Amino acid sequence: MSHLYQSYVDHLEVLKQKNNYRFFKKLQHDGQMITVQFPHQNKTMLNLSSNDYLGLAQRRALKQQFLDEYPLHTQHFSSSSSRLLTGNFEEYERLEHTLNQAFGRDSLIFNSGYHMNIGILPALTNQNSLIISDELIHASIIDGIRLSKAKRERYLHQDLNQLEQLIITAMQDDTIDKIFIVTESIFSMDGDMTDLTAFVQLKQKYSKVLLYVDDAHGVGVYGEKGLGCAEHFNCIHDIDFLVGTFGKALASVGGYLICDTVIRDYLINTMRSLIFSTAQAPINMAWTDFIFQKMQQYQQKRQHLQQLSHDLKQSILQRGLNCPSDSHIVPVIYGENHIAIEKANIMQDAGFYVLPIRPPTVAVGTARVRICLNAELNLSQIEPLFKLL
């Protein structure tokens, strides 16, 4: 081993000593169940760690219906190019048309949520812009902010008073021509929901402000048609940049932006992670379009998931435990890494696949076990978990 690698070896050893070392597990998926290969045995457990919030990825009948409607001779397994060269297949345009019809605005699709979040803000901002973001935004948005030339500020999580004070100060700075407020609709580690109505009101109060909302964990789950938290709060047209992903409740892969036409056209001409990426395989876009249209009809699934989430959270709170969730993402905060790991192991031994979440994903001292529910579950399946919390 090269001596130049020693610092990496030392760092990995520190992670192991802090119970913070990560590695890929060998997994097998079978509907609601997941089998994990451990050194001395395999464990088959109820999967409570997936982002498949509507359970659509589990449904084999949906896959078969899609393949029946999308015959092999029409399928393309690679775009072989960026969309601006030869990669703009009709599947892309059909999906964007579906999104346009559903949201009532223009849309643009991306290879992933990460491509989306690292590309939009750097393209839209410059040295005369200010980005003010929630301190708990996703790593992909943080990286996008770092890649931008904009000035940056952060506000304490969900603290609208501090956010407004930062806006007031920026409004008085003549060198700043645009202020971008950046938040998520549902934060994936705490499961808490943002009051988007309050953010829209704040945006409308100040002339320089634009609003960027990542609805990755809301789309499919909230709103009458499953269009996410922006539909839930009836403010789709008030959010300048409404972004989300297809890789969670929509059982696919990729990201999307809902915006005005001028923003779409501008990004096509300036967004590096869009221009210089080979486009996704058209078959993925066809599958996303198929699922998105189905998803809008699943009101009962969304209602069931919300009831299930409420029941689990009430059980956690009744036991005197800390759970900040408002959603289907239900963390139980234990504090120390070793406690979260121990509790997760106990739950796994009882047949529930949940995982400990530790720093740097969450703040030091807030290690937790995170339970992700989906609409295919029923209460009787998760009730035995309650006594293990």
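**View 1. Aspartate 159 caps the N-terminal end of helix α6.** A side-chain oxygen of aspartate 159 lies 3.2 Å from the backbone nitrogen of asparagine 161. This is a polar contact, meaning a pair of N or O atoms within 3.5 Å; within protein, one must be able to donate a hydrogen and the other to accept it, and residues adjacent in sequence count only if both atoms are side-chain atoms. The model is predicted: local features need pLDDT of at least 70, side-chain atom pairs count only at pLDDT 80 or more, and totals for chains, interfaces and linings use all residues. Residues are numbered from 1 along each chain as its sequence is written, and side-chain values use heavy atoms, with hydrogens and water left out.

**View 2. Helix α6 (residues 160–171) lies across β5, β6, β7 and β8.** Helices (H or I, at least four residues) and strands (E, at least two) are DSSP runs, numbered from the N terminus. The helix runs at about 155 degrees to β6; axes are lines fitted to C-alpha atoms, for helices over the stretch in contact, and angles run from 0 to 180 degrees between N-to-C directions. From its first C-alpha to its last, α6 reaches 16 Å with twelve residues, close to the 16 Å expected at 1.5 Å a residue (1.5 Å times one less than its number of residues).

**View 3. The buried residues of α6 are Leu163, Glu164, Leu166, Ile167 and Ala170.** They cover an arc of only 160 degrees around the axis, which puts them on the same side of α6; the arc is that of the directions from the helix axis to the C-beta atoms. An α-helix has 3.6 residues a turn, so residues three or four places apart point the same way. Asn161 and Thr169, on the other side of α6, are exposed. Buried means under 20% relative accessible area, exposed over 50%, and partly exposed in between (1.4 Å probe, protein chains only). The cover over the buried residues includes β5, β6, β7, α7 (196–205) and β8, where contact means heavy atoms within 4.5 Å.

**View 4. Aspartate 195 caps the N-terminal end of α7.** Here a side-chain oxygen of aspartate 195 lies 3.2 Å from the backbone nitrogen of threonine 197. Leu196, Ala198, Phe199, Val200, Leu202 and Lys203 are the buried residues of α7. Among the elements that cover them are β6, α6, β7, β8 and α8 (229–232).

**View 5. Seven strands form an open sheet of mixed pairing.** The order is β4-β10-β9-β8-β7-β5-β6, and two strands pair if DSSP finds at least two bridges between them. β4 (106–110) and β6 (151–155) stand at the edges with a single partner strand each, so one side of each is left without a neighbour in the sheet. Neighbouring strands are turned by 20 degrees against each other on average, direction ignored. Strands β8 (residues 209–214) and β9 (residues 241–245) run parallel and are joined by three bridges. Tyrosine 212 stands opposite phenylalanine 241 in β9.

**View 6. Threonine 125 lies in the loop between α4 and β5.** Threonine 125 is buried, with a relative accessible area of 8%. Its side chain reaches the backbone oxygen of leucine 121 at 2.6 Å. Leaving aside neighbours within four places in sequence, threonine 125 is in contact with Ile131, Ser148, Lys149, Ala150 and Phe180.
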